[in-house]
Amino acid sequence: MLDIFFAPLQGYTDDVYRRVHYKLIGGVKNYYTPFVRVEAGAVRSKDQRDIAPENNTGVPVVPQIIFNSRKEFDYLVSRIKCLGYNEIDLNMGCPFPLQARHGRGCGILAHPDIVSEIIEGIKENKEITFSVKMRLGWDNSNECDSIIELLNNVQLRHITVHPRTGVQQYKGNVDHDAFKRVYAQSSNPIIYNGDILTLDDIKRIENIFPNMKGIMLGRGLLGAPSLAVEYADNKEWNNRERIALMLKIHDTLMAEYSKILKGDTQMLNKMRTFWEYAEELLGRKPYKKVIKSGNLKNYLAAVAELKYL
Ligand SMILES: Cc1cc2nc3c(=O)[nH]c(=O)nc-3n(C[C@H](O)[C@H](O)[C@H](O)COP(=O)(O)O)c2cc1C
């Protein structure tokens, strides 16, 4: 049985969502926070709230950082250490051009010299367990080879590999051959991530790579929050059960977000994202009705109808 990890998704898996998912269904070993970064010499207040211990009490959360230098790495690690965390995930996979073009995320994969400096930083922070989340490269799927060799010099909890390049973003096929290569080359445990949407998808990957440490699920869990539990119980839920859980999570999220968001528009924008990966589950028409509802009143009416699906 593989461990299942909840991928970080900026704008979706914030502290509120993680708390509610953990309380109402769980089944995942760890939740990774969307990346924390340095902006104007400090951690953004939005990121501070997301990783604040009081907002993550009892939830097995691992903060993730993104950086383009040893200086940024040192600053972010020290800030997170102060909060009492003893584990940090290093983002070497983000494909967003705003980050990658500045040498952050998968932009760092073309700079083995900087990765070597980061490895020194990992070794110096003995009290922290580090993991890495990476892609194959920016525009070249061999870029990861030299990085994996470098990372073999340090003990990591694991390396999560999303087998695409940065220029692919989230489109095109995942490259299983390249993943196989990384998996064979790495002395650190490997976790697979990418396009796993169903219980069958999990089992298929498990069969191909039986010695892998785990699977990280992102959009699959957003669209079917019970997926990790379905895997643990080896029992697929039907659409009715899945929609009932989505509605339960939805109502709890509404109650939580209404404490921190102001006004109908903010609320509508936030809550709509909750359904974004659920088109398959809801069916095209009900999905469109929810997503294109236009105002909070129409939105709530469209959501209320989902219980009759
Ligand atoms: C909107 C969005 C935001 C994301 N934010 C992050 C992030 O903050 N950190 C990170 O490592 N990956 C991030 N990712 C990548 C996901 O963690 C994951 O690797 C990707 O969605 C592929 O996995 P999936 O097919 O299971 O969703 C993001 C992806 C999307 C679509």
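Phe 6 stands opposite Tyr 31 in β2, where strand β1 (residues 3-6) and strand β2 (residues 30-32) pair in the parallel sense over two bridges. The structure shown above is a predicted model, and the protein is divided into domain 1 (3-233) and domain 2 (239-308). The points below take up the sheet, the cores, the domain contact, the ligand shell and one lysine in turn.

**The sheet**

- Strands β1 and β2 are neighbours in an open sheet of nine strands, whose order is β5-β2-β1-β11-β10-β9-β8-β7-β6 and whose pairing is parallel.
- The edges of this sheet are formed by β5 (61-62) and β6 (64-65), and because each has a single partner strand, one side of each is left without a neighbour in the sheet.

**The nonpolar cores**

- The largest nonpolar core holds 59 residues, and the members that touch the most others in it are Phe 5, Phe 6, Ile 65, Leu 76, Val 182, Ile 215 and Leu 217.
- When residues up to four places away in sequence are left out of the count, Leu 76 touches Val 36, Val 38, Ile 65 and Phe 67.

- The centres of domain 1 and domain 2, taken over C-alpha atoms, are separated by 28 Å, and the contact between the domains takes 14 residues from domain 1 and 14 residues from domain 2.
- On the side of domain 1 that touches domain 2, the elements giving two or more residues are α1 (15-24) and α9 (219-223), and the largest share, five residues, comes from α1.
- By class, the residues on this side of domain 1 divide into nine nonpolar, four polar and one charged.

**Around the ligand**

- There are 22 residues around the ligand, and those that come nearest are Ala 7, Gln 10, Pro 34, Gly 218 and Arg 219.
- This shell is made up of nine nonpolar, ten polar and three charged residues.

**A closer look at Lys 180**

- Lys 180 has its place in helix α7 (residues 176-185), and it counts as partly exposed because it has 13 C-beta neighbours inside 10 Å, whereas a residue needs 20 or more to be buried and 12 or fewer to be exposed.
- Lys 180 and Pro 163 are 17 residues apart along the chain, and their C-alpha atoms are separated by 9.5 Å.

Note on methods
Residues numbered from 1 in each chain as written. Predicted model: local features only at pLDDT ≥ 70, side-chain atom pairs only at ≥ 80, totals over all residues. Core = buried A, V, L, I, M, F, W, Y, C linked by C-beta atoms within 7 Å. Contact = placed C-beta atoms within 7 Å. Near = placed C-beta within 6 Å. Nonpolar A, V, L, I, M, F, W, Y, C, P; charged D, E, K, R; others polar. Domains from an automatic or database assignment. Helix = DSSP H or I, 4+ residues; strand = E, 2+ residues; numbered from the N terminus. Pairing = 2+ DSSP bridges.
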